[in-house]
Amino acid sequence: MTKRPEDGQEGHRDHLRRQVDELVSRVPKHALRAVIDEIENTNAQNSTRAQTLRDALVEQFNKLRPFKARRLFTGLFEPLLVDDPILYRTRDPIPGLIQRVDMGGLWHALSRFAFPDTAMRVQERLDAMSQEDLLDRVLVSPDALAMRAIMRDEAVHFLAHALKTRRTAEEFLILANREALRDARQRSPHLTWKAPIDVTQLAFVRAVLEENEAILPMMERMRQDLSDTPAGGDGTAAEVDGQAAIVVGFMRGMRMACPNRDIDDPVVWLPPLLALNVKRRYDVVLRYVREYGGPAVSDSHPLHQALFGHFSASCSAMTDLIRAVFGEMGAQGGGMDGHALSLSRPVRETLDEARRRFDQSLNALNAGGLMATRLIGPRVRGLLGEVTRLLTSTVLPLVVERTRTAAAARNAPAPDHDDVVWLLEFVWAWGATLGSVGYASPEITAARGRIVEDAGVAFIQATKAEEEDEALPARMQHIVRINRLLCALGTDVTPWVSAVSQGLQRVVRHYLEGPAEITPEARFVIDRLIAAVRTELGRSRHWQSADLVALLRLYEARLG
């Protein structure tokens, strides 16, 4: 039987597609869009191979985004959406906040209750439209935007009636919260509870949908115009002032866009709420409140409720994680029985972020006058006391014990030395923040004094090096580890560095005479001894002056 030419061409195309599919499977997910753009921008895009490769890349790109109808509907809220594990744990509703996990829960419930048939038809239509083009382009096409408008209208109609019927609202919220919590648990460590979606948030979602055509472009521009918090903390005064002025401009535009909304409606205050919830610019919000005609100090204003909600969330995140992590250690017989600490990187990062946000939100509440209000002030002080009691009863005894062990580890670092340093920094930073607002903890202050005293004793022992001591490098490493522990508490080994310490002179001389590279931490200890030597030589004719001068010259020859 003679093979037809068409059969050969079909086989060639199948073989080419298999090769292309194998190639596409090796392209990293984050690079798919860039590769597609590169192909489309080349002159060879019309060739068979290039077109086949592009089609395979588009198929792979779209395959990673299966929930197309959900993505289309979510675009109605995109500038306002955040994924913030700290705010999962807030005990109070935060006006203007829509978490991505909450939006997923709302979509799940809306597609079940409000427009199940429409959601199915939109998904099928988007599946067909994305066969030939990137989903991102499909979602902004006229056909897709028309379908999104239909879903918006049906959602508004449903929410308007659902909020009036208790049973419907309860069933809707149960389904939405179950889906949101399931998603949130996958994103945050030790999360057993999150702030629920409630009728207040449903009312806000409904308001955003109703005003969507007017406020969506405005919020998108504002999200682009507002910068993120600089890495060093707060921005410069000029930068903060400029960002606050941007908020003022958008507030005027928002009031013009929503003239029929009540002045206390969260939708009207979306510009500063976006700066707080999305960009976390506490400094900008504080400047706006204090100097640019923000709302008068009150307990009930949406912006002030949002500030307190952020503070509450940071406190809840710390208490939840501390109870989960250190409670597990206690249940396993760890920590207090001499077992080493073991703090995972996600736990450290979440606690660090919670403490940083605690500092910023507390400063905003205090500087904005909200600590003196009738309702917010006592609640802030109550949360401060709750976290402090948990730290002093659960973490403080553990950190004192493990620090003593780490400081006494002479021959090698304790297995949890890095964890101990991190935990010291965390506890002492908390204590310093409390002191800055007039709520200093005597327990933390006393524990710091004990730790510093124990570290000083360990330092003196580490410097007792004899003339023929073969462990001089190990002694220096021990001194460096002690200094790291002290630096976590805002101090160092300087008070115990003595120019007449024979052992410390031997350790430093060994380093200066040796060929090995001197690390910055070792250089810190050496510099402190040389500073003490210079002070001693400048004020007295010590009988060891010849040895001290020789050490000083050796330092200048090596490091001067």
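**A look at the aromatic rings**

Reply: Let's begin with Phe73, which is buried at a relative accessible area of 0% (buried is under 20%, exposed over 50%, partly exposed in between, with a 1.4 Å probe and protein chains only). Phe115 is buried too, at 1%. Bear in mind that this is a predicted model, where local features need pLDDT of at least 70 and side-chain atom pairs pLDDT 80 or more, while totals for chains, interfaces and linings use all residues. Residues are numbered from 1 along each chain as its sequence is written, and side-chain values use heavy atoms, leaving out hydrogens and water.

Rings of Phe, Tyr and Trp (its six-membered ring) pair if their centres lie within 6.5 Å; planes under 30 degrees apart are stacked, over 60 edge-to-face, the rest tilted. That gives eleven aromatic pairs. One of them is Phe73 with Phe115, tilted at 50 degrees with centres 5.8 Å apart. These two come from distant parts of the chain, 42 residues apart: Phe73 is in helix H4 (68–74), Phe115 in the loop between H6 (100–113) and H7 (116–129). Trp422 and Phe426 are stacked, because their planes are at 20 degrees and their centres 5.4 Å apart. Both sit in helix H19 (417–436), four residues or about one helical turn apart (helices are DSSP runs of H or I, at least four residues, numbered from the N terminus).

Arg255 lies over the face of Trp269, at 5.3 Å.

Technical notes
A charge sits over a ring if NZ of Lys or CZ of Arg is within 6 Å of the ring centre and within 35 degrees of the ring normal.
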